[in-house]
Amino acid sequence: MTIRSQRDSSTSTCSGKLSSIYNLEDDEMYSYVDITERLMMARPFRRTIVDPVDSGDKNLLLSMRWSLFAHVPPFIIFHSNDTGKLPDQITRHLLWWKTKRNTPKILAAVVRNSGFKTTNRSTDNWCGTWCSTSAYTKLRRTKNFSKVNHFPSCDELGDKILLWRNFRRMRKKFGANNFYYMPMTFVLPGERANLRKLMEKNGGVWIVKPPDSCAGSGIKIVSNFYEIPTYRSYVVQRYISSPRLIDGIKFDMRLYVLLTSIDPLRIYVYNEGLVRLATIKYVNRVETLSDRFMHLTNTSVNKVNPNFKPNDDPNKCKGNMWSLSCLWKYLAAMDDVDILQIWTKIKDIAIKTVISAEPSLHRAWKRTSMTAYNFYQLFGFDVLLDRQYRPWLLEVNDFPSMEPDTPLCKLVKGQLVEDYLNLVGFHVPDLLNCKELRLLRLIYRKNAICYNRQLYSNVLTRQVRKKQYNFINKATRKYYLKSILKHLTPDDVRVLIRHEDEIVQTGGFERIFPTCETYKYFPFFEAVRYYNLLLDAWENEYTHNRFRGIERLRKLCRKKYHLS
């Protein structure tokens, strides 16, 4: 399918959009674009302003995105080309913590072109980072204005053992009709006896994985119990031996899911992804199980095969890596498949997987977080389609590779990096001195320039706690839809303006939670969360008339109600 280039009104970046033949034009995400474009057209993201002081640069190209609301600081725009320019008064305070091994070239180029300098010292006043899970766990604390690419306890999704246990708990509680998307799994050594009994009775093919590995490392496919190693912990998963093939080749999909908030829960999925193909034609016979080039689709495994062919065109179905949009085009042309139905199932898998880990994520976040600003996380979901086009979740990577392994990787991941950084939203740190602030307020003609701690504070007044307690304990949907939006507290307004400012900036991401229909997932939550109720009521009220909701918030923000 063709990717229609859709220019984002605030960042001038492009996002991929599925062609109308897949009936996505009625999706509320795309209808919202029309509204936000009307809101932003009057205020383009870059303005050329005469320099008020004699700095030698008479025309400053200001690479900032303004909030939809008054008295909210602007956001830094990330871009891969050196086309925007921030004043020196800002760039001297923009630091990116660069760990030794974990800052990909693509990401480093984007942050550098967007005005950041890098530092190797974790104790510096850095604004953002792309670090490994191990590097994050060594951080003593983050500054209020810093953003980290990990949520506390993110291994609840990234660790294969914890991922399975969360899924198994949910399936036991809510049934296999709701939680159906992971193959049967055993955790060794604890469940070794159960696995042995099953294999001796029914046989079958099983895939053995180390719980914390990636890139195909340590994976083994077996049909006999004695072939399973005994010297460490393993996850043993029933092998899907009837996958959908492309010209006889096995493939899987790497999809990107972005979590921007735990409370309220906000989840996005990227509309583009990578389709990874093996390099030898698939044969479903026991004697072929040792052939990694046939049974494993990891690019890190297959790129060492002389048969591996890279792809440099996201619009062409060629080589051993395709874009996700090309896969949809191929399947629709070859098999007349309902692509929208597959995509809906994949989004359902993403939402339920995050919800399965939400209790642990929420507890860890409440225990360690000072503000609602500090954390976000991009996950890599590996999904395989079987012969009946049923999607199966194989694993979740909590630190997906951003390295440009192939030309197509560079194209897809390059746009992905820009889109997720712009969606997450970075402010200028509140480190500027009085002289710098006076000059910038003159240039920008606005008072709100830097990160404002009050906008992201987790501290609640007695009145706010009382309202939240009331709705949590009377959480029938009919009740809170009718009442929760009647009298918004300043804390409510802060949550809602973050919500609206974020979805203006989706780029190639699609918001999948919350929407006006995601209340159906509420029974799967361990506990009722007030902010999830608030956003459900907001989406129910304003999804089809967002301008009215935004104007309601704008009136309050002009009075600085959100800062009271």
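## Basis and overall make-up

In this predicted model, local features need pLDDT of at least 70, side-chain atom pairs count only at pLDDT 80 or more, and totals for chains, interfaces and linings use all residues. Residues are numbered from 1 along each chain as its sequence is written, and side-chain values use heavy atoms, with hydrogens and water left out.

The chain has 19 helices and 21 strands. Helices (H or I, at least four residues) and strands (E, at least two) are DSSP runs, numbered from the N terminus. Of the 564 residues, 60% count as buried. Buried means under 20% relative accessible area, exposed over 50%, and partly exposed in between, with a 1.4 Å probe and protein chains only. Contact means heavy atoms within 4.5 Å. Among contacts between residues at least 6 apart in sequence, 69% join residues at least 24 apart.

## Helix α11

Helix α11 spans residues 339-368 and has 30 residues. From first C-alpha to last, α11 reaches 41 Å, close to the 44 Å expected at 1.5 Å a residue. The expected span is 1.5 Å times one less than the number of residues. α11 bends by about 55 degrees at Glu358. The bend is the angle between axes fitted to the seven residues ending at a residue and the seven starting there. A proline, Pro359, follows within four residues.

At the start of α11, a side-chain oxygen of Asp338 reaches to within 3.3 Å of the backbone nitrogen of Leu340. Of the 30 residues of α11, 22 are buried, so the helix is largely enclosed by the rest of the structure.

## Helix packing

Two packed helices are described by the angle between their axes and the distance between the axes. Axes are lines fitted to C-alpha atoms, for helices over the stretch in contact, and angles run from 0 to 180 degrees between N-to-C directions. Helix α6 (residues 160-174) packs with α11 at an angle of about 100 degrees. Their axes are 9 Å apart. α6 and α11 are therefore roughly perpendicular to each other. Angles under 35 degrees count as roughly parallel, over 145 as roughly antiparallel, 65 to 115 as roughly perpendicular and the rest as oblique. On the α6 side, Leu163, Asn166, Arg169 and Met170 make the contact.

Helix α15 (residues 462-472) and helix α18 (residues 530-542) pack at about 80 degrees, with their axes 9 Å apart. That makes α15 roughly perpendicular to α18. Lys467, Gln468, Phe471 and Ile472 of α15 meet Tyr530, Tyr531 and Leu533 of α18.

## Two residues of α17

His499 is found in helix α17 (residues 490-503). His499 is buried, with a relative accessible area of 0%. Leaving out residues up to four places away in sequence, His499 touches Arg266, Arg511, Pro514, Leu535, Trp538, Glu539 and Arg546.

Arg494 also sits in helix α17. Arg494 counts as buried, at 9% relative accessibility. A polar atom of the Arg494 side chain lies 3.5 Å from the backbone oxygen of Gln454. With residues up to four places away again not counted, Arg494 touches Gln454, Leu455, His562 and Ser564.

## Cis peptide bonds

The peptide bond from Asp263 to Pro264 is cis, with omega near 5 degrees. Pro264 lies in the loop between β15 (249-261) and β16 (266-270).

The bond from Phe513 to Pro514 is cis, with omega near 0 degrees. Pro514 lies in the loop between β21 (509-513) and α18. Pro514 is among the residues touched by His499.

## Loop residues

His71 has a positive phi of about 60 degrees although it is not a glycine. His71 lies in the loop between β5 (64-65) and β6 (75-76). At 28% relative accessibility, His71 counts as partly exposed. Arg445, another residue other than glycine, has a positive phi near 60 degrees. Arg445 is in the loop between α13 (434-444) and α14 (453-456). Arg445 counts as exposed, at 63% relative accessibility.

Lys303 is in the loop between α9 (299-302) and β18 (321-323). Lys303 is partly exposed, with a relative accessible area of 41%. Leaving aside neighbours within four places in sequence, Lys303 is in contact with Phe308 and Asp405. The C-alpha atoms of Lys303 and Thr279 are separated by 8.6 Å. These two residues are 24 residues apart along the chain.

Notes: A polar contact is a pair of N or O atoms within 3.5 Å; within protein, one must be able to donate a hydrogen and the other to accept it, and residues adjacent in sequence count only if both atoms are side-chain atoms.
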